[in-house]
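Try each task before you read its solution.

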Amino acid sequence: MSDQRIVPIVMPKWGLSMKEGKVTGWLMEDGSRINPGDAILEVETDKIAGAVEAHDGGVLRRRVGEPDTVYPVKSLLGVIADPSVPEEEIDQFVAAYVTPSAEDDAEEQGPKYEFIETSAGTLRYAKRGAGDDTVVLIHGFGGDLDGWLFNIDVLGEAATVYALDLPGHGQSTKRLDNPGLDTMTAALSEFMATVGIDSAHLVGHSMGGAIAMHMAADDPDKVDSLTLICPAGLGREIGGYVDAFVAAQGRKDLKPVLEQLFADKSLVSRQLVDDVLKYKRLDGVEPLLKDLAAALFGGQVQQDQPGARLAAGEAPPTLVIWGRQDEIIPATHAQNLPGAKVVVFDDAGHMVYMERASDVNALIKQHIGG
Amino acid sequence: MARKISMRQAINEALDQEMARDPSVFIMGEDIVGGAGGMGEIDAWGGVLGVTKGLNAKHPGRLLDTPLSESAYIGAAVGAAACGMRPVAELMFLDFMGVCFDQIFNQAAKFRYMFGGKAETPVVIRAMVGAGFRAAAQHSQMLTPLFTHIPGLKVVCPSNAYDAKGLLIQSIRDNDPVIFCEHKNLYGAEADVPAESYAIPFGEANIVRDGKHATIITYGMMVHRAMDAAAALAKQGVECEVIDLRTLSPIDWDTVIDSAERTGHVVCVDEAHPRCSIAADVSAMITQECFKALKGPIQMVTAPHTPVPFSPVLEDLYIPSADAIAKAVARSRSH
Amino acid sequence: MTAPNSTAGIFPLDKQGLLEAYRTMRTIRDFEERLHAEFAKGDIPGFVHLYAGEEAAGTGIMMHLNEKDRIASTHRGHGHCIGKGVDPKGMMAEIYGKVSGSCRGKGGSMHIADLSKGMMGANGILGAGAPLVCGAALAAKFRGDGGVAISFVGDGGSNQGTFLESLNLAAVWNLPAIFVVENNGYAESTSRDYAVAVDSFVDRAAGFGLPGVTVDGLDFFAVYEAAGEIIRRAREGGGPALLECKMIRMYGHFEGDQQTYRGKGEIDDIRANKDCLKLFSERVVEAGVIQRAELAAIDRDIGAEIEEAVVFAKAAPLPTARDLTTDVYVNY
């Protein structure tokens, strides 16, 4: 793509396992003026639906992707160009476009996942990018590192990014000795030491936010900055999500529970529900989650308040991001950490880093100074 | 952690893990170890298609090669189950049910009811099903409807390695007798399968493809044919929902009816013969439960009412094709 | 010195044991005779196959068993049930189709079972018990608990493939399984001599590599001693065996059977000369070990017990529509 005047819009790769996506509809007409960050068209994967956003400005000259059609990752979906570019050149560009093969892609990225042995069992993690700054992404209760599918590659452009599966989660060992914030934080600490991270910008979602705060309060040298996304640990209230998540046995009862996570309920795809069920059905997961839920959120009250301890001492630079429509932890908790920068998105829920991925990515990049 | 393994390996792993977990689990069947009493290698076969290969070394004494004597050893499995064990008996080919059916349908299936709810018979009978192996009329049948007819039996037929492992583990842990049907042409098919143990509950169909224009309901090998048909139809703008029933007794009627109500066009695909088949059963239930939601007549795509032929040319004609499924969708939508 | 009432040198059981054997046989007899009478009144639904006349065989074997041991019975199963300790009241209510029955009225005469007593069920399918018993014996072998399992089959059912395959399987796996052939001379209306080609069932056992013994099934003591030896051997890991008991049924194949296939005077001869209970009583009384009055006392007890069972069964509630669809699966 040497011709900088013509910019392709391609099928994005949201996350490590995405191989193809379906165009569900265009949000822009032919000839529309496009600014960077504009949502141009909607794409659905087997995991989630989202909007493809413009990286560059220009005019939408060609809509190639047909609605209700599936395209491999990096397929040409549209063309943005300056109005001065003649139609024939756009035709030539479309005709000459070759979708890079998936194999090339894999070589570029290296292994999808890596595994290390720790005292908390095997931990799975993913690593992206090679920047000087180090970012560690910490998922929430019942989640895993694949939840960062819209974030990890983008953040990898600015930093060396690690995302791990906490003990008992994702593809890490399904064992939790003395479940609680202390053991989770100790596991994070051991993870960082084992992969050779002295200090990192911690990005924690929900329970992961509480873990990040816990580490920042107890071990400030390991924490360059904090990004807390709808974090636990800043107040006592919490919705009934955790218990309902643990109790759900099948697709039909899990789906409404997962819908609590999003402002836009249609984002809970069948595949997302199936993936969570596959995890929940592994032997040992249900009792493990029950114990963890009792330790952290027993009686539907947040048992630990690492935010209060953090506020009492010297906190690292802290960014708090929340979705106003969070049904799990109230967005008002964002005010409970004096000195933190707070951004609240009106049209997002607990999974704000998925629902407003590019905004959240930009905020994190800015926060870590990338 | 998950990795790609074949359905053969997934079944082997489920047996291995359940034997390690529960000392009351044991396995019996013809040549499941292989070479018993001979001069050569012990563990020579691991079953005729190698599904139980290697288990004997890990669980010595808990794999029993049987004489060619299905009514005796299937009955023994049933008797041992009634006495608190959890036997997994391999019937090799489900077609062999003819020589041991009494032990299955008059004994295992009926104990609980006949004995007033006081019996539990947690036996699993594993057997190969299905055509496409050039094995002719007595080794290729899809006899699932004969078992779903019998109250007291549960009937399972996985379409992929992930489901096979989770459903077999559930079968072993289940306290009712289970007929576990393994399509011989799927043994080599690979899928992402967690290394950990997990159980998939019975009576939960899997929606393997979302769609709004038509519903294709099937199980086993035919799930793959249905997916091929759905992919072909998608190119024409017709989006089919494909439902893999996974368990045929119980059946997840909620998912079936819900989908039929949403799409209004239903195709039931079954590798069994047409009369009194799973396809016929599902069609009838949908007609009874949501007739008004239907926008066209329910279509059935099944094998013909013939024995399974030997000649590859004929056998390929016998097995329902993706093309036949796609045409059936079009037929319903033409109304 | 021998204590008063000693049985030593005369009988293989002490006095207590003899009284217990008599009590069991008398319970079976009274149970069956009462059923015969009640069935004729039309109060009992379906088929009933009576064990009367065969009590010595079932009792002589069952007295060697404990609750860990298991048996699988036949369509003619009442005697085996009582011998294995199943409650006659529950059995009677079951036969009347009542919800208080052993099987909540869902099994009936041909399917009475009590797994907690090791009774794996009467069975409406002839020969079906033999493979089940192989499984019970296999379970005992896996557990190493010294348990044995006993399959009962009639001379008719012994022709089933299931039975013959089971002899082989038990022999191949050296299972603690015992196959009792209750040879009462008739498969329904077809005589044993017509339907079984070999002269002795022991020959059949030999064909499968099993030891076999034939005993006079009317003689409690012969059965008791032969069964004792076979069961002891199986418990000790010696493997399976076959026991043929030659016996006589006092009634027809089922209640209502006119028994026109029997020879002239056959039934009168049975009643007069071949009643195993009478033979037992005469032996123990003549030996001076037990007084007639002691047996009479047992008779009175049992009479009352069976009367109570019938009263209970008749008064017991019937199943309701709700019961129709329960107990099919543990969960579904």
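The exercises below concern a predicted model.

**Exercise 1. Domains of chain A**

Find the domains of chain A and describe the contact of domain 1 of chain A with domain 2 of chain A.

Solution. 
- Start with the bounds. The domain assignment puts domain 1 at 6–103 and domain 2 at 111–367.
- Next, take the centres over C-alpha atoms. They are separated by 31 Å.
- Then look at the contact. Domain 1 of chain A gives 11 residues, and domain 2 of chain A gives 14 residues.
- Last, sort the side of domain 1 of chain A that touches domain 2 of chain A. That side holds four nonpolar, three polar and four charged residues.

**Exercise 2. A helix and its cover**

Check the length of helix α5 (residues 207–218) of chain A, then decide what covers its buried residues.

Solution. 
- Count first. The helix has 12 residues.
- Now test burial. A residue is buried if 20 or more other C-beta atoms lie within 10 Å of its own. In α5(A), 11 of the 12 residues pass, so the helix is mostly covered.
- Name some of them. The buried residues include A:M207, A:I211, A:H214 and A:A217.
- Look for the cover. It includes the strands β11 (134–138), β13 (200–205) and β14 (223–229) of chain A. It also includes the helices α4 (181–195), α9 (285–297) and α10 (306–312) of chain A.

**Exercise 3. Two chain contacts**

Describe the contact of chain A with chain B, then that of chain B with chain C.

Solution. 
- Take chains A and B. Chain A gives 11 residues and chain B gives 14 residues. The side of chain A that touches chain B has one nonpolar, three polar and seven charged residues.
- Move to chains B and C. Here 34 residues come from chain B and 35 residues from chain C.
- Find the helices on the side of chain B that touches chain C. α3 (70–82), α4 (101–108) and α5 (111–114) of chain B each supply at least two residues. α3(B) has the largest share, 10 residues.
- Sort that side of chain B. It divides into 17 nonpolar, 12 polar and five charged residues.

**Exercise 4. Nonpolar cores**

Which residues of the largest nonpolar core touch the most other members?

Solution. 
- This core has 309 residues. Those that touch the most other members are A:L137, B:I216, B:I325, C:C134, C:A137 and C:I178.
- Follow one of them. B:I325 touches residues including B:I216, B:V267, B:V301 and B:P320.
- Then look elsewhere. Another core, of 18 residues, lies apart and has A:I6, A:V7, A:I34 and A:I80 among its members.

Key:
Residues are numbered from 1 along each chain as its sequence is written. Chains are lettered from A and ligands numbered from 1 in the order in which they are written. This is a predicted model: local features need pLDDT of at least 70, side-chain atom pairs count only at pLDDT 80 or more; totals for chains, interfaces and linings use all residues. Domain bounds come from an automatic or database domain assignment. Two residues are in contact if their C-beta atoms, placed from the backbone, lie within 7 Å. Ala, Val, Leu, Ile, Met, Phe, Trp, Tyr, Cys and Pro count as nonpolar, Asp, Glu, Lys and Arg as charged, and the others, Gly among them, as polar. Helices (H or I, at least four residues) and strands (E, at least two) are DSSP runs, numbered from the N terminus. The expected span of a helix is 1.5 Å times one less than its number of residues. A nonpolar core is a set of buried Ala, Val, Leu, Ile, Met, Phe, Trp, Tyr and Cys residues joined through C-beta atoms within 7 Å. Lists of a residue's contacts leave out its neighbours within four places in sequence.
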